[in-house]
Amino acid sequence: MSIAFLLTTLVVVITPGTGVVHTLASAVAAGRRAGLVAAAGCTLSLVPHLVAAVTGLAALLRAGTPAFRVVTWLGVAYLLWMAWSALRERGPLTIDGDRAARPAATVFRDGVLLNLLNPKVTVFFVAFLPQFVPPDTPAAPARMLLCGLVFMLATLVVFAGYALLAGALRRRVLSRPRLTALLRHGFAGSFLALGLGLALTAR
């Protein structure tokens, strides 16, 4: 496991994306526990993408334009729904300390679906892993799988850190209605931007 791989993994994982936004939103809306559950869901959703990349299915998915577009548009629709839910002050991004917390299973499900319906994650693994495991390496698929598992572990640790930080700041957010509204619109805008970005992939 090279230093270059570990540093690159850290940079990629820290960079805000769909999973980071969902984790932060969940932690601010319902506390650290919800954020950690969201982080676990986002991490688990990487398993199918990793398996697809290691077995070569990602190349087939990318080549099979209709299948790729169907999955992509499903992901776009889900991201837009998340954005709409935030703007309507309901659903996964409701930030209100007086309301009942969302079930952990629902938070976990959203975390899984957000990344699972994003075929760009699979394509990313295809482009990312071979850079650190040359094809002529003995047991290359096994080494790619190991690198992928390390990437998942890094994702879980970093996302958990985001969840703990957001959860710690939650009370301060809830005590400032204007900040709460600003964050809600910020989360909605983030999901909208991610959805539009994913939509460009399907064109």
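**Close-up views of a predicted model**

View 1. At 1.5 Å a residue, the 12 residues of α1 should span 16 Å, and its end C-alpha atoms are 16 Å apart, which agrees. The expected span is 1.5 Å times one less than the number of residues. Helices are DSSP runs (H or I, at least four residues), numbered from the N terminus; strands are E runs of at least two. This is a predicted model: local features need pLDDT of at least 70, side-chain atom pairs count only at pLDDT 80 or more, and totals for chains, interfaces and linings use all residues. Residues are numbered from 1 along each chain as its sequence is written, and side-chain values use heavy atoms, without hydrogens and water.

Phe5, Thr9 and Val13 are buried in α1 (under 20% relative accessible area; exposed is over 50%, partly exposed in between; 1.4 Å probe, protein chains only). They cover an arc of only 60° around the axis, which puts them on the same side of α1. The arc is taken from the directions from helix axis to C-beta atoms. Ile3, Leu7 and Val11 are exposed on the other side.

**View 2. Leu7 in α1.** Leu7 lies in helix α1, residues 3-14. Its relative accessible area is 51%, so Leu7 is exposed.

**View 3. The salt bridge of Asp110 and Arg109.** The two side chains meet at 3.0 Å, N to O. A salt bridge puts a side-chain nitrogen of Lys or Arg within 4 Å of a carboxyl oxygen of Asp or Glu. A search of the whole structure finds one. Asp110 is buried, at 0% relative accessibility. Arg109 is partly exposed, at 39% relative accessible area.
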